[in-house]
Structure formats: structure tokens, C-alpha cells
Amino acid sequence: MRWDDNMKEQCPEFKLQMFVCVNKREDGTPNCAERNSQYIRDALKEKVKEMGLKGIIRVPQTGCQDLCALGPNIHIMPQNIWLSNVQESDIDIIVERYFKPEIRSRIVGCDRSAAFRPLQRPPRLRFTNIQNHADGEAA
């Protein structure tokens, strides 16, 4: 497979992204949308604006995160933390825990030196004189 010269690897400028599931299932099974996930996302986005954190924290909406029964769900990156069963009453707790400068300063961002390194083909492995463990003979 060949690397497409038009595709670029980049590090996001954001220190934190909170992916909020707003998926609605039409089959009637539990889902995040019916549990006010859109309101939760909008409230978090508003807090980002109020606190002057636009460009530092991003709150995109997502489709299904496959944890519908536990929703609403928020996937926080780059820490790879999942928040499930998030309620409107949890918004201030989330803001307190993840939006504070001392918390954000401990977040390790993308390694920019690695992001723009060209992808390299892994070395071809050669197996010679592999021992057959059963009888100790070379294969």
C-alpha cells in the first residue's frame, strides 16, 4: 500500500478533546440522544467559550461509541478516558476536573517530531535455522 502524498499527519492544537456521543437509535434501544447528550455537549461547549478555552479544549459530537446502555458517553482524549452515564448535573464536575489550567498543563500532547516523520516500511524479517522445539532439529 502506498502513502497518499495528499494525506497529512498532524498534531492537533487542542490540549483536550471531549467526544460526546449524540447518537439516536431508531430501533428503540437505549441511546445517548434520548438521555440529553446534545444538551450536555452544548453546555460543555458553552463552558469552553465562557472560560476562554476555545482552541485549547474541543467538544465535538460523535455518532455511536458502542456503549449505548451506559450513555450518555464522553470519550476524553488524549487521556483515553471514558465517562459514562453523564448527567446534566455532572457538567460542573467535568469542568472542575478537566478544564482547570493545572490539569491541562499535565496533559501530554502530540509528539510533533514524530507526526511529520515519513512512514517507513518495516524491515523484512528472515527466519533461518528455526529450531523445531519437539526434536531439536532445524526446520
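Strand S1 (16–21) and strand S4 (74–77) run antiparallel and are joined by 4 bridges. Helices (H or I, at least four residues) and strands (E, at least two) here are DSSP runs, numbered from the N terminus, and two strands pair if DSSP finds at least two bridges between them. This is a predicted model, so local features need pLDDT of at least 70 and side-chain atom pairs count only at pLDDT 80 or more, while totals for chains, interfaces and linings use all residues. Residues are numbered from 1 along each chain as its sequence is written, and side-chain values use heavy atoms, with hydrogens and water left out.

**S1 and its partners**

- Strand S3 (residues 61–62) runs parallel to S1 and is joined to S1 by 2 bridges; here Cys-21 has Thr-62 as its bridge partner.
- Of the 6 residues in S1, 5 are buried (under 20% relative accessible area; exposed is over 50%, partly exposed in between, with a 1.4 Å probe and protein chains only).

**The nonpolar core**

- The largest nonpolar core has 20 residues; such a core is a set of buried Ala, Val, Leu, Ile, Met, Phe, Trp, Tyr and Cys residues joined through side-chain atoms within 4.5 Å.
- Those with the most contacts inside this core include Met-18, Leu-44 and Phe-99.
- S1, helix H1 (37–50), S4 and helix H2 (91–98) each supply at least two residues of this core.
- Leaving aside neighbours within four places in sequence, Leu-44 is in contact (heavy atoms within 4.5 Å) with Val-20, Val-59, Ile-74, Ile-91, Ile-94, Val-95 and Phe-99.

**Cysteines**

- The disulfide count comes to 0, taking a disulfide as a pair of cysteine sulfur atoms within 2.5 Å.
- Cys-21 has its closest cysteine sulfur in Cys-32, but at 3.6 Å that is too far for a bond.
- Cys-21 counts as buried because its relative accessibility is 1%.
- For Cys-68, the closest cysteine sulfur is in Cys-64, 3.5 Å away and so too far for a bond.
- Cys-68 is buried too, with a relative accessible area of 11%.
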